[in-house]
Structures are given as C-alpha cells and as structure tokens.
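Take a slow look at the chain before you read on.

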Amino acid sequence: MSETIKVLCYKSKTLSNGEHPLMLCVCKDKIRKYQSLGISVSATHWDFKKNQLKEDCPDYVRIQLVIDTEIGKIKRRRLAMKKTVLREYAKLLVRCGINVQKGQDVMIYAELDQPEFVAMVVDEAYKAKARKVIVEWDYQPLMKLHVRHQSVKTMGTVTEWQKARQQHFCDTLP
C-alpha cells in the first residue's frame, strides 16, 4: 500500500526546442499514473541515474520549485483522502461499533501515536450526543519504564483514589 512519486525526464520524446518533458510518475499498488509537469529540460541538465535535475541547470531553482510544488500537491491530496477515510471509520466506530447513545458517557483508551484519529472519534461521539467523552492516553515506552523500575509491590498497589475512579466509571459507563 506504499506510494512512490518520482520525477522522470522523457528522453524518448524530444520537443521542438530540443528539450525533453518532465513527468511525475505516481506508483501505488503496482499501478502507475503519469502527470505532466508542463516543463522541459535539456538532457545535459538531467541526471538520469539519480532521476533529478542537475544543479548546473540555468533554471534550477524555478524548475525544482515546480517539481516540489507538484509533489506537495499530490501528497496533500493523498493525506486529505486518508483523513476522509479515517473520519468515516471514526463515524462507523461510534455509530455501529460502540453504538453511542444520547446522554451516554464514553471512555476511550488510546495510544499517543494516533491523536488525530482519537480526536475524530471524540468529535463523532459528541455528534452522536454523548454527554461526556473521556480519553485515557497511554505511552508504551513510559509503561516499560514503570515496569522496569517499580517494584512488584508498588505495581500491585491500588490507591484509594484509583479505586474510587474505577468505581465511578463502573457506575456511570454502560
């Protein structure tokens, strides 16, 4: 499911000015799509082994800016599509998986690696009329440190406030 974006100089196609067109090749799931950049360069200004513009090109800065801008546009479109899919997944999770009801409290346990998705789930829970959404964050490297450095007795001790907190969740959450 990885995606690669390469800039290609079409050496096989020579324009009337003797230059070759630059194209973007987007490859995803073994499917290639080509997009013209609308610019061309002389073969002497293109490094065909590295697939990049040589720095001695007279319009190096302008051409590189066009290349970077077009690659950025493609990446932003892909990111926007991924966010749309994540938003739909969050909606499905809240409406069907969790089945949040009006006035219900919701408790979410989440890792720190997906804050945007967790925010989408929280947003969808509130849209489903949840009364309150509580997010408990966890961070595995920190948990490892606790396990490594705390004694078994300390890890096995449950304080009164922890008991009261868990009892509150048992009483209020469905």
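Which residues does Cys57 touch, not counting residues up to four places away in sequence? The answer is His45 and Ile63. Keep in mind that this is a predicted model. Now place the cysteine. Cys57 sits in the loop between strand S5 (52-53) and H1. Is Cys57 buried or exposed? Its relative accessibility is 8%, so Cys57 counts as buried; the cut-off for buried is under 20%. Thr69 is 12 residues from Cys57 in sequence. In space, the two C-alpha atoms are 18 Å apart.

Step back to the whole chain. How many helices and strands does the protein chain have? There are five helices and seven strands. Follow them along the sequence and you read β-β-β-β-β-α-β-α-β-α-α-α. The radius of gyration is 27 Å, well over the 16 Å that the globule rule gives for 174 residues, so the protein chain is more spread out than a compact globule. The C-alpha trace spans about 80 × 45 × 30 Å along its principal axes. Ala164 belongs to helix H5 (residues 160-172). Cys9 is 155 residues away from Ala164 along the chain, and their C-alpha atoms are separated by 67 Å. Ala164 itself is partly exposed, with a relative accessible area of 47%.

How much of the chain is covered? Of its 174 residues, 26% count as buried. Contacts tell another part of the story. Take those between residues at least 6 apart in sequence: 54% of them join residues at least 24 apart.

Now turn to charge. The protein chain carries 31 positive and 20 negative side chains. The centres of the two sets lie 3 Å apart. Side chains of opposite charge can pair when their charged atoms come close. How many salt bridges does a search of the whole structure find? It finds 10.

Begin in helix H1 (residues 60-98), which holds both Lys73 and Glu70. They are three residues apart, about one turn of the helix. Their side chains meet in a salt bridge, at 3.3 Å from N to O. The two partners differ in cover. Glu70 is buried, at 17% relative accessible area. Lys73 is partly exposed, at 37%. The line between these two classes is drawn at 20%.

The side chains of Lys83 and Glu116 meet at 3.2 Å, N to O. Lys83 lies in helix H1 and Glu116 in helix H2 (residues 115-127), so the pair ties together parts that are 33 residues apart in sequence. Lys83 is partly exposed, with a relative accessible area of 33%.

Salt bridges that share partners join Arg87, Asp123, Glu124 and Lys127 into one network.

Finish with the backbone in two loops. Where is Asp29 found? Look in the loop between strand S2 (20-28) and strand S3 (31-41). Asp29 is not a glycine, yet its phi is positive, about 55 degrees. Asp29 is partly exposed, at 44% relative accessible area. Then move on to Asn51, in the loop between strand S4 (46-47) and S5. Asn51 is a residue other than glycine with a positive phi, near 55 degrees. Its relative accessible area is 27%, so Asn51 is partly exposed.

Go back to the view with these places in mind. Find the loop that holds Cys57, between S5 and H1. Then trace the link from Lys83 in H1 to Glu116 in H2.

Methods
Residues numbered from 1 in each chain as written. Predicted model: local features only at pLDDT ≥ 70, side-chain atom pairs only at ≥ 80, totals over all residues. Heavy atoms only, no water. Helix = DSSP H or I, 4+ residues; strand = E, 2+ residues; numbered from the N terminus. Rg over C-alpha atoms; globule rule 2.2 N^0.38 Å. Buried < 20%, exposed > 50% of the residue type's maximum accessible area, 1.4 Å probe, protein only. Contact = heavy atoms within 4.5 Å. Lys, Arg positive; Asp, Glu negative; His and termini not counted. Charge placed at Lys NZ, Arg CZ, Asp CG, Glu CD. Salt bridge = Lys/Arg side-chain N within 4 Å of Asp/Glu carboxyl O.
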